[in-house]
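Work through the exercises below with the structure open beside you. Try each task before reading its solution.

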Amino acid sequence: VTDSPKGVWFHCLPRCETYLPCGAGRHIVRWEAGELRLLSHPDAEAELVLAALGGEKARCVEVAQAWERHAEDLSVLAIGPRGPADEIAVSWDDVDAEVRASQFGGWTAYAPQAGGRHPGPGSRRGPRPLAPPVPARYQQPMQDREQAARRRNDMLSLLALGYGFQVRLIGQVAEAASGWPREAGEKIRPSLVAAITARLAPVAEEWLGIDPGQVVVTLHRGPGWGSAELIGRGEQRRLRFSLPAGWLALVWAAGLALTGRHLVVAVERAGWPDARVLALRAPGTEPVPLEVHATAPGPASGGLDVRPGAADAPHWEVWEV
Amino acid sequence: MNGERAETILRLLAEAELRNQLAPDPPPWAGGPGAGRVKVYVVGQALSAVGALDRETVEDVLADFDLAVGLRRLHRARPAITRRAASAARLTAQLSPGRPAPPPNPPGPPPAIQAQWATVAGGGPPESTGSLGPAAPVPADPEQDAADRFVPIGLTVPFHQGGLSGELYLMSFAHTRAGARLIVLWGKPTLSRDHELGLQQAELFPVDLFTVADNRGSAYELDFTPANGSEWISQINLRPVPPDGIRWLEVVAPPGPAVRINLDPASGPPGGEPEVSAANLSAGEQLLIMLAEELLMVAAQNSPAMRPELPALSPRVMQTMGTGLGDIIAALEAVDMLPPLSPVPAQLAALCESLRIDGHEIAAAPADELPEPWLSLLTYYQRRKPDTAQVRDGFAAMTAALPELDGIRLALVGLHNTQGTTVLHVLARGLRREERLGPHGADLDFPLSFWLRDNGGRWHAARPIGWQPTDPEHSIGLMLVPPLPRSTAWVEVLAGGRSGEVRARLPLRWGAPP
């Protein structure tokens, strides 16, 4: 986690909560200050030990583990939402259906699984067939399929938490990626370029009316916020941006990208609900500092079925130029 | 090689396709449902084929793309039927019983190409292209064994024993570093009534009946192995390897008599020395040529005349094969695997236009002229009537050792017709069988362009349909499209690689069955 004088990456994000079906009831999962908290499982570590010994594993704990597994997974950037208009609606019923499908979809149905399963929706309890010996030539494909199923189940669970959690996970992954050493960072540059392009392009379309396909991004490294220029005309028009990976975490995940007709390129002083950002009025101009203020409906509190959707995302306004 | 650039291109393409596919009103170039995935897939395969990107990265990008699209469609209504899907549905409906067949879709190639066709199709056999100029020096092959010897045979060995009768057709003799063998084709055996009734078990390939000896009286152990993945084509390996200098071999099966094989190369039909010309194709150009040839072969096999009973399939197959070609070209150019001034994209565009493939999205304007073999196959594709008679079964003895191309050495050891299909048999050195597939089914394990021109002027494309991998040589069956009629007296082989092109003229000695 970056802890610069300008603030940590998540300082512009308020806490966020949702309910999820866990065991016989519904439990609250909260994201706060960059961490996922299981309010109904104060001793998750102990529960994990019990699960390893054959006890039931709570869904809340499974989700937290999935979060941890994917906190540096660049696939999250490729799969997750591109913006509020791209809300990915996954329900816990979808998650349960996917788990059932992967259980009965072939070899994975017979594979021994570590730990027990919780009852209730999506219960995977019950007698399991004895595992027959798997011929060596099928072991690798079987493992690949199991991995793919687990990855898909993980993603579904994380997305089922709602848009608010989705963007925070994206922020966390982007922040982790921006901290990679230079040499290793080069290997992940294509993923980061695609991830920024994917999220900047719709913002630029709203900002300038430019076709998203005409937005070209390179990854900025080093001092400064980066650069932006608009070149060409007609079909040859290109909006070229150079931005750091941290833009996804500090700006985009916080919902700051387009604030008061300005495209925000950096955060000078992170905070909630007040922050100071650097923003462009137009491409090719120097960014100007803006004091911005956020309003949001606040943490989800409308009942057991409420999840933080795109409509609950913070709305930032220019407070003072 | 800029792998980072290649990966960035693929990921950005996936991003663009995700945007297109999920747009409320997808743009026309987005194609039908699934077209986006096809594009990402084929561009990934293309970048992998030219070595710009590893396969694992391509698989990762595709896995993310599939999940991203799939999750967004979880609760969406079924996608609206696009123009292309509607067209397919209409064609499917037309196939329903009781409905008349759709009117034929007259082909309409660009005028410049029509004029070129006229020369090939209407003007009789085209003039020989003649020499390709002074032969370029063939790269020396340090492993080339001077003892490599290929002799066409063209003889039949009949056999009869215990109610089983049949013929073994001897196509050629090959002696290389990998050993000495006869390339043979089994005829369909005739079974006695007891065999037919199942009272006696029939051995369809009675290898134990045969013996082989040479002019010095030495007998050989015979080891039959299937060639090209088919048991009807076999190699009879001779053990020990015959010494240099033997003049003939005799193959005997009951009731006899012995069939003598003259191993003096001069005894075979005369053939011309291969002509070699240099080339300097980029990896991208080579791949595009392979794609074009794959497209031509699929077109020829799915032409309206070939499959009048399935008119809906041909356009569908062809449209699918055109998907992503423009993206492939753009990606290859972007990673410097395709020169910006290469003529091949324009030729591929012209080919797509000729085949009425409208979704290729190739930016280059269609070329005015196409390579002669392409035109010949296009003419075959566009014929209005199916071939009235299937080519007759039979085999042709022919051998030729082609000069090395791109590190690959091919020896032609015969061809045969069966059930309307012609298969050319080659021994190949310098290839690896990894079952690597390129975009749209291109076989990357056989990275050569391979054509035969018959003495009537018609070109026949070749692609592998069967491999028998052995170290260090592979026995490969190349299917010819269109098949070669038994009236063909000679063929000209044209093999092209990145570094050069080889032409060789070979007479054919057709054998049984009559």
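**Exercise 1.** What percentage of the contacts in chain B with a separation of 6 or more is between residues 24 or more positions apart?

*Solution.* Begin with the term: a contact means heavy atoms within 4.5 Å. Among the contacts in chain B with a separation of 6 or more, 67% join residues 24 or more positions apart. Chain B has eleven helices and 20 strands; these are DSSP runs, numbered from the N terminus, with helices (H or I) of at least four residues and strands (E) of at least two.

The model is predicted: local features need pLDDT of at least 70, side-chain atom pairs count only at pLDDT 80 or more, and totals for chains, interfaces and linings use all residues. Residues are numbered from 1 along each chain as its sequence is written, chains are lettered from A and ligands numbered from 1 in the order in which they are written, and side-chain values use heavy atoms, with hydrogens and water left out.

**Exercise 2.** Which residues of chain B have a pLDDT that stays under 50?

*Solution.* pLDDT is the predictor's confidence in each residue, from 0 to 100. Chain B averages 80, and 75% of the residues score at least 70. The stretch asked for is residues 78–142 of chain B, where the model has 81 contacts beyond four places in sequence. Where pLDDT is low, the predicted coordinates should not be read in detail. For the complex, the predictor gives an ipTM of 0.87 and a pTM of 0.83.

**Exercise 3.** Are α7(B) and α9(B) roughly parallel or roughly antiparallel to each other?

*Solution.* Take the angle first. Helix α7 (residues 283–301) of chain B packs against helix α9 (residues 325–334) of chain B at about 165°, and their axes are 10 Å apart. Axes are lines fitted to C-alpha atoms, for helices over the stretch in contact, and angles run from 0 to 180 degrees between N-to-C directions. Under 35 degrees counts as roughly parallel, over 145 as roughly antiparallel, 65 to 115 as roughly perpendicular and the rest as oblique. α7(B) and α9(B) are therefore roughly antiparallel.

Next, list the residues. B:Gly284, B:Leu287, B:Leu288 and B:Leu291 of α7(B) meet B:Leu325, B:Ile328, B:Ile329 and B:Leu332 of α9(B). By class, this contact of α7(B) with α9(B) has seven nonpolar, one polar and no charged residues. Here Ala, Val, Leu, Ile, Met, Phe, Trp, Tyr, Cys and Pro count as nonpolar, Asp, Glu, Lys and Arg as charged, and the others, Gly among them, as polar.

**Exercise 4.** How many of the eleven residues of helix α2 of chain A are buried?

*Solution.* Buried means under 20% relative accessible area, exposed over 50%, and partly exposed in between (1.4 Å probe, protein chains only). In helix α2 (residues 59–69) of chain A, eight of the eleven residues are buried. Among them are A:Cys60, A:Val63 and A:Trp67. In chain B, buried residues make up 52% of the 514 residues.

**Exercise 5.** Where does A:Arg261 lie, and is A:Arg261 buried or exposed?

*Solution.* A:Arg261 lies in the loop between β9 (258–259) and β10 of chain A. A:Arg261 is not a glycine, yet has a positive phi of about 65°. With 53% relative accessibility, A:Arg261 counts as exposed. B:Arg356 also has a positive phi, near 60°, and is partly exposed at 43% relative accessible area. B:Arg356 is in the loop between α10 (344–354) and α11 (372–381) of chain B.
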